[in-house]
Structures are given as C-alpha cells and as structure tokens.
Amino acid sequence: MSLFSDCCSFPLHKRKFNPVSLFISLRVRTFMGSMAEPIPERRSTKPPGIRLVECLKKSTLSFKTYQAIVLIVTFLAYTSYHATRKTTSIVKSALDPQSSNLDLKFFSWQGAYSHKPLESRRFSWALGSGWAPFSGSDGTALLGELDVSFLFVYAIGMYFSGHIGDRMDLRIFLTVGMVGTGLFTALFGVGYWANIHAFYYFLLVQMLAGLFQSTGWPSVVAVVGNWFGKRKRGLIMGIWNAHTSLGNIMGSLIASYLLKYGWGWSMAVPGMIIAFIGLVLFLLLPVTPESVGAHSDEDELDSPIKTTEGVTEPLLNLEPDVTKTAVGFIQAWKIPGVAPFALCLFFAKLVAYTFLYWLPFYISHTAIDGKYLSNEAAGNLSTLFDVGGVVGGILAGHISDRLDARAITAASFMYCAIPALFLYRNYGHISMTVNVILMLITGMFVNGPYALITTAVSADLGTHSSLKGNSRALATVTAIIDGTGSIGAAIGPLLTGYISSSSWSAVFTMLMAAALIAGLFLTRLVVAEVGAKIHDSRSQGVPTSRSPAALEV
C-alpha cells in the first residue's frame with residue numbers, strides 16, 4: 001500500500017492537513033523501508049564495456065567469464081606498470097653512457113669496438129656527451145638519487161594507496177593511477193624534446209611517477225582476491241604474478257628498441273601504453289562479484305574456513321553489508337600474520353630488487369669462461385633471472401596450496417636462496433652453461449617467496465577470519481606488506497652501490513644475510529603451522545584451511 005493511500009485511509013471528518021506531520025511521517029516510513037529493504041539501495045554498477053558486451057550477447061556473463069576478464073585485465077595492467085618502471089634503467093646508458101660503458105677498469109671497450117665500426121657508429125651518439133646534468137662526473141650519483149627517490153615515494157605512497165583503495169571504487173582508482181603513471185613517465189621523456197637539463201625537473205617527475213605507481217599493486221591484488229577463493233589461490237596467483245617478470249622483459253625490449261630514435265621515445269611510448277591500458281581497464285574491470293550481480297555456482301568464494309573456536313565462516317561474504325566499513329591502518333597491522341610477513345618481505349625484496357637493478361651491471365663486469373660480455377648481451381642474459389622467478393612464483397604457490405602452509409613454503413624458499421646465492425657468486429663464472437643454470441635457480445628461490453607473499457599471502461590476510469567476513473581490508477593489508485617490502489627494495493640497491501665499489505663478495509654476503517633474516521621472521525608462523533599439521537595428523541580430521549593457528553600467533 002502506498003504512503004499516499006495510507007495517509008488518506010482515515011475518515012474525512014477526522015482528517016486534518018498538517019504539513020509537518022506529513023513530512024515526519026514520510027521521513028519515518030522512508031527510513032523504516034530502507035531498514036527493511038537495504039539490498040535495493042546497493043544496485044550493481046557494471047563497467048561500460050561489460051554492459052556493451054552483454055547487450056551484444058543479449059545475455060549476462062557467467063561467473064567464470066568474469067573471473068577470466070579479471071585475470072586478463074589485471075595481468076595486462078600490472079605488466080604495463082612494471083614495463084614503465086623498467087624504462088628508466090634502460091635510458092641510463094643514454095643519459096650517462098660513461099657509467100655503463102666507459103667506466104670499466106679491467107676491460108678495454110675501445111679495443112672491442114675497433115673491430116666493429118658499424119656498431120661503433122650506431123652508438124657513437126650515446127657514447128658521447130650524454131645528457132646533462134647526468135653526463136657529468138656525478139652523473140651516476142644523480143641517477144642513483146632518481147632511483148632511490150622513486151622507490152621511497154613508491155613505498156610511502158603504497159600505505160596511503162591501500163588505505164584509499166579500500167574506501168573507493170578500485171576501477172576508478174586504478175584508472176587514475178595508470179593514466180597518472182603514463183603521464184609522468186611520458187613527461188620524463190618530454191625532457192628530451194624540450195631540451196630540459198634541470199635535475200629537479202627529472203627528480204620531481206620521477207617522484208610523482210612513483211606516487212602514481214603505488215596505486216597499482218594493492219588494487220590489483222584486492223580485485224583478484226575478491227574473485228578467487230583460497231582453495232587454489234596460491235597456484236592461480238603464482239601464474240598470474242608472471243606479469244612482474246613479463247613487464248620487466250617487455251619494458252626492456254621496448255625501451256631498448258626505441259633508444260636509437262632518441263631516449264625520449266623510450267619513456268613516452270611505454271607511458272602512452274599504460275595510459276591506454278588504463279582506459280581499457282576502466283571499461284572492463286569488475287571489482288567485486290556483487291558489483292556486477294555475479295554469483296558463483298561452485299561455492300569457491302564461500303568455502304568455509306575454521307576459526308579457533310571451531311565455527312566456520314565464509315571466506316568472502318558476497319551479500320552486501322552496508323554496516324561494514326573499511327579496516328583502519330593500525331587495525332590492519334594487528335591482523336595476525338601481517339607484521340611477520342611484511343618484515344620478511346622487507347628483506348626478500350631487498351634481495352630481489354638488488355638483482356633487478358644491478359644484475360646486468362654485475363654480469364658485464366664478471367668474466368664468464370674468461371670472457372666479458374657486452375652490455376647488450378649482459379642485459380639479455382639477466383632476463384633469465386626473471387624466467388627463474390616466474391617458475392619460482394608458480395612453484396611456491398602450488399606447493400603452498402598442496403601443503404596448506406604459506407609460511408613454511410616462503411621460509412623454505414628463503415633458506416634455499418642462501419646456498420643458491422653462494423654458488424652463483426663463486427661458480428657462476430666457470431662457464432656460460434653453469435651461469436645460466438645457477439641464475440635460473442637463484443631467480444626461482446629469490447622471487448618465489450617474494451611472489452607468494454605479495455599475492456596469495458596478502459589476499460589471505462586481507463580476508464582473515466578475525467575480520468569476520470569483512471573483505472574491505474584487502475587493499476590496506478596488501479599495501480602494508482608490499483609497502484614495507486618496497487622500503488627494503490629501495491635500501492638494497494642503495495647499499496649495493498656503496499658496497500660493490502670495494503667488493504662484490506661483500507654484496508653477496510649482504511644478500512645471503514638478508515635472505516636468512518627474512519626466513520627467521522617467519523619462524524613463529526612456521527612452528528605454528530607445523531604444530532597444526534601434527535595436530536591434524538593425530539586427530540585424523542580434515543586439515544584446517546590456511547592453518548588458522550599459525551595466523552593467530
């Protein structure tokens with residue numbers, strides 16, 4: 001019965017028109033109606049591209065189709081993030097050619113190029129004056145300042161990005177981040193055509209690029225975590241995380257190819273690519289199942305997880321709950337397991353990013369089978385480290401799913417990275433074959449736990465049972481873990497720059513110590529997971545999902 005008919009249901013002789021009473025009656029009835037029927041207020045908002053596809057198909061998309069769209073779109077998105085991040089390391093040879101080509105104490109590049117006149121003429125412009133202010137005697141230090149400032153702003157921005165991402169539409173948030181990243185990456189290249197030589201221009205552009213880059217990781221992990229349950233999350237995210245290595249490789253290839261046309265193109269084109277993919281993401285990305293009215297038929301997202309009290313709860317509650325608010329920054333730190341994994345990732349990314357920034361340089365300065373490789377050959381060889389990282393990420397995710405033990409898997413990989421680093425440093429120079437094999441193994445053990453923690457572990461903790469079904473913590477938890485790791489990612493290459501001047505053996509000692517500390521930070525979680533496994537085997541019951549006892553320590 002309508003409000004108007006209710007108001008008119010009284011006898012005419014008793015009815016008196018009172019506008020204040022009528023207004024109050026309408027407000028009360030509207031409020032009571034909203035209390036009784038909250039779901040219609042949360043209408044699904046499908047992305048424009050999804051609506052167009054469904055209009056053309058004349059039918060709604062299936063849950064599996066949405067999952068495929070999420071994986072593909074987020075994969076392309078973060079591939080472009082890493083591709084734009086890699087370009088700066090490529091243009092360094094043009095900005096400060098002496099740091100990468102002429103500053104070798106034990107190998108004569110002039111003698112090598114004397115037998116290659118065509119190649120010498122091709123790179124003569126790069127080996128000349130470079131680009132001020134990076135072409136001076138302090139050019140290498142200035143480029144190092146760009147790297148450190150980018151990574152520190154990226155790490156700090158990560159904390160704020162996760163906090164904001166849990167409070168707004170991640171599709172819009174990611175689009176703004178990708179377009180902003182593309183803009184400032186391209187603006188760095190604009191310095192080439194605008195003939196800009198002010199160091200603070202490049203410093204400011206890099207810092208702003210790092211700020212917009214920080215929007216990517218917590219957001220894409222949160223979106224993927226919303227669509228995939230814990231049952232196969234490690235394996236799925238391990239495969240999906242290949243975008244990191246693929247982005248590094250694609251960024252290197254694109255920037256290297258365009259370098260001959262001018263270093264500005266090496267920055268501008270990747271910037272335009274990520275901006276374009278950002279617009280595609282805006283058109284297609286469904287953030288959560290409820291945002292598009294999708295429902296799973298397999299109960300994957302609703303698979304129960306046991307709490308310490310023996311009560312089962314769904315992983316993610318797909319019913320909209322307007323009473324749940326985003327988890328605060330301090331509250332997210334208090335989620336069991338967040339702090340140990342964040343500190344572990346600090347040292348894991350210290351090792352991984354040291355290889356990312358310094359491995360080509362190290363290879364070009366190390367005689368392999370008595371021969372030194374050119375910068376181009378060293379760069380190509382270093383991509384095998386990323387290939388090993390892809391294998392390590394998939395393997396770590398699969399093992400952690402099979403064992404149902406994230407901490408045991410991550411710690412084991414970090415401990416195995418220690419002998420791998422030792423062997424690569426001491427025996428990698430014997431022959432090219434030995435170097436390739438040891439590099440693949442090192443990349444597998446170094447990047448395996450890094451990939452596992454930043455993907456499956458972050459998603460697990462963002463949907464921890466202590467949150468009581470509140471899924472609005474994924475981006476914040478991911479930001480805390482990866483933001484802490486990114487601080488280590490900034491410190492590792494910085495320390496390497498100082499230590500390598502005296503001894504590369506000291507650098508590898510530092511990396512082995514970092515890997516050991518990373519594993520030790522997970523000791524309590526490992527002990528708890530082992531205890532849970534022993535308890536499960538003795539009770540001969542169903543193993544508890546994700547070893548909740550381990551996450552309660």
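Author: A crossing of two helices is called left-handed if the near helix is turned anticlockwise from the far one by less than a right angle, and right-handed if the turn is clockwise. The model is a predicted one. Two packed helices are described by the angle between their axes and by the distance between those axes.

The pair to start with is α9, residues 170–193, and α14, residues 263–284. Their axes lie 7 Å apart, and the packing angle is about 165 degrees. Angles over 145 degrees count as roughly antiparallel, so α9 is roughly antiparallel to α14. The crossing of α9 and α14 is left-handed. Sorted by class, the residues in the contact of α9 with α14 are 17 nonpolar, nine polar and one charged.

A second pair is α4, residues 63–95, with α8, residues 139–165. Here too the angle is about 165 degrees, and α4 and α8 are therefore roughly antiparallel to each other. The axes of α4 and α8 are 11 Å apart, and their crossing is right-handed. On the α4 side the contact is made by Y78, R85, T88, K92 and L95; on the α8 side it is made by L143, D147, F150 and Y154. By class, the contact of α4 with α8 holds five nonpolar, one polar and three charged residues.

T244, which lies in helix α13 (residues 242–258), touches Y78, H82 and Y450, leaving aside its neighbours within four places in sequence. The cut-off for buried is under 20% relative accessible area, so T244, at 10%, counts as buried.

Another threonine, T433, lies in helix α19, residues 432–462. The cut-off for exposed is over 50%, so T433, with a relative accessible area of 54%, is exposed. The C-alpha atoms of T433 and I368 are 9.7 Å apart, and the two residues are separated by 65 residues along the chain.

These details belong to a chain with 23 helices and two strands. Of its 553 residues, 51% are buried. Among contacts between residues at least 6 apart in sequence, 81% join residues at least 24 apart. The chain exposes about 25100 Å², and carbon and sulfur atoms supply 67% of that area.

Note on methods. Residues numbered from 1 in each chain as written. Predicted model: local features only at pLDDT ≥ 70, side-chain atom pairs only at ≥ 80, totals over all residues. Heavy atoms only, no water. Helix = DSSP H or I, 4+ residues; strand = E, 2+ residues; numbered from the N terminus. Buried < 20%, exposed > 50% of the residue type's maximum accessible area, 1.4 Å probe, protein only. Contact = heavy atoms within 4.5 Å. Areas by Shrake-Rupley, 256 points an atom, 1.4 Å probe, with all protein chains shown as cover. Axes fitted to C-alpha atoms, helices over the stretch in contact; angles between N-to-C directions. Parallel < 35°, antiparallel > 145°, perpendicular 65-115°, else oblique. Nonpolar A, V, L, I, M, F, W, Y, C, P; charged D, E, K, R; others polar.
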